[in-house]
Amino acid sequence: METREEEEQKNEELLVNLLETKQYTKFRQTCADLQAADIAAVMDDLEDEDSLKMFRILPKSMAADVFAQLEIDDQQYIIRSLSDKESASIIDNLMADDATDLLEEMPANVVKKILANARPDTRADINHLLRYPEDSAGSVMTVEFVDLRENMTVADAINRIRDIGIDSETVNILYVLDKERVLVGTVALRYLLIHKQEEVIGDFMNENVVCIETTDDQEEAAKMLQKYDFTAMPVVDGEKRMVGIITIDDVVDIMEEEATEDIEKMAAIVPSDKTYFKTSIFETYKHRMPWLLLLMISATFTGAIITSYEKALASYVVLTAYIPMLMDTGGNAGSQASVSIIRALSLDEVEFRELPKAIWKELRVAVMCGITLAAVNFVKLLIVDRIPMEIAAIVCLTLVVVVIFAKFIGCCLPLLADRIHLDPAVMASPLITTIVDAVSLLTYFQIATRILHL
């Protein structure tokens with residue numbers, strides 16, 4: 001039996017072969033049997049010109065669905081390559097939130113031209129979404145949903161779903177609004193199927209509504225859907241009038257975007273919204289260079305510390321051999337603590353007011369880790385390295401202090417950053433490692449000068 005990967009590879013080879021041999025009728029028939037995401041995956045692997053050619057040949061009924069699955073830069077290339085009328089047709093058939101995401105990345109003159117040719121209702125929906133701040137719930141929501149009234153019967157509700165459901169993002173959950181469009185309840189589709197046709201919506205709707213506001217951060221929306229296990233979350237404005245919904249597919253995109261951004265920040269890289277191979281060499285350079293410069297400059301402090309203890313190093317050259325081990329261990333210990341705290345912050349498992357509790361936990365962990373590392377290292381230094389016991393004692397004592405300090409810093413900095421509304425990920429590995437390196441050297445040389453009376 002073929003695996004999923006083997007099946008996808010087979011489909012890709014078939015579509016490319018049909019395209020190259022100009023068997024366009026068979027190509028369309030084959031596409032009709034595939035998922036939009038699989039076709040988009042094939043297009044992503046092709047050169048731009050071949051990808052555009054493939055898109056033009058796609059059945060019109062599939063074009064918008066495939067387009068929505070493409071990477072943003074592939075979408076931009078296709079939109080720019082199509083005629084104004086063709087571009088407007090694609091935009092008209094996209095969900096409003098997907099169309100808005102695309103147009104936000106396009107030049108203003110291109111957006112203006114596309115919107116001018118789009119349907120009035122599409123233009124109104126997109127303009128509505130473009131008003132919201134970037135990364136807010138309003139900017140990622142879709143305005144296509146099914147709304148009902150309290151006085152509707154089950155039969156009326158089902159007829160309304162038939163009328164507008166085809167253009168809605170989802171019909172699993174229906175939203176009950178009053179005359180001012182204030183959200184007053186929700187109804188799951190399955191309840192319409194089990195209640196009698198003449199029953200009134202207001203009699204069995206769920207009035208305990210959970211919603212978010214348009215100005216809330218998109219990450220907060222993702223957390224809310226995860227917390228309540230919803231497939232869609234209603235979005236309301238400041239006056240509690242319902243304006244859209246955020247669905248589970250939006251949440252997956254949000255979580256991927258936020259996780260990618262945090263990982264890049266933790267690795268000291270300016271976040272980018274493009275994939276690795278789609279990002280040019282110069283763009284990659286620009287994203288990485290600022291932090292590298294900052295960390296290089298901050299690392300001069302460690303050089304200054306070593307220079308100030310040249311006499312001690314000259315007297316006991318063996319001390320130099322253990323500097324990398326101490327600095328690396330401290331950096332790793334700090335990174336462990338910071339990553340744990342950053343994850344807990346992102347999942348709302350810890351708050352700033354719990355800082356003393358978090359410190360107390362990390363200090364106990366640090367003491368156990370430090371003593372274990374020191375004990376193992378002490379045996380290794382005496383048996384393998386065969387250095388004097390007093391030098392081994394200096395290295396191991398420093399190791400304990402460094403691990404404790406590193407975990408303390410790794411715990412505190414992300415929580416402090418979150419408190420002053422900075423991104424905790426910025427306080428992760430690179431910055432913490434730089435601080436811990438300097439403290440490790442100071443601690444090492446201070447302990448050495450006192451024990452060896454330098």
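Two strands count as paired if DSSP finds at least two bridges between them. The exercises below apply this and related criteria to a predicted model.

**Exercise 1. Characterise Lys 240 by its phi and its accessibility.**

Solution. 
1. Lys 240 is located in the loop between strand 5 and strand 6; this hairpin has 5 residues between the strands.
2. Its phi is near 65°, a positive value in a residue other than glycine.
3. The relative accessibility of Lys 240 is 41%, and the residue therefore counts as partly exposed.
4. In a salt bridge, the side chains of Glu 239 and Arg 241 meet at 3.1 Å, N to O. Glu 239 is exposed at 53%, whereas Arg 241 is partly exposed at 34%.

**Exercise 2. Classify the geometry of the ring pair Phe 145 and Tyr 175, and locate both residues.**

Solution. 
1. The model contains 4 aromatic pairs. In the pair of Phe 145 and Tyr 175, the ring centres are 6.0 Å apart and the planes stand at 90°.
2. Ring centres must lie within 6.5 Å, and planes over 60 degrees apart count as edge-to-face; the pair is therefore edge-to-face.
3. Phe 145 belongs to the loop between helix 11 (137–140) and strand 1 (147–148), and Tyr 175 to strand 2 (residues 173–177); the pair links distant parts of the chain, 30 residues apart.
4. Both residues, Phe 145 and Tyr 175, are buried.

**Exercise 3. State how many salt bridges the structure holds, and describe examples.**

Solution. 
1. The structure holds 8 salt bridges.
2. One of them joins Glu 351 to Arg 353, with the closest N and O atoms 2.8 Å apart. Glu 351 is partly exposed at 40%, and Arg 353 is exposed at 65%.
3. Another is formed by the side chains of Lys 380 and Asp 385 at 2.9 Å, N to O. Lys 380 is partly exposed at 36%, as is Asp 385 at 27%.
4. Salt bridges also link Asp 147, Arg 149, Arg 160 and Arg 181 in a network.

Technical notes. Residues numbered from 1 in each chain as written. Predicted model: local features only at pLDDT ≥ 70, side-chain atom pairs only at ≥ 80, totals over all residues. Heavy atoms only, no water. Helix = DSSP H or I, 4+ residues; strand = E, 2+ residues; numbered from the N terminus. Phe/Tyr/Trp six-rings, centres within 6.5 Å; stacked < 30°, edge-to-face > 60°. Buried < 20%, exposed > 50% of the residue type's maximum accessible area, 1.4 Å probe, protein only. Salt bridge = Lys/Arg side-chain N within 4 Å of Asp/Glu carboxyl O.
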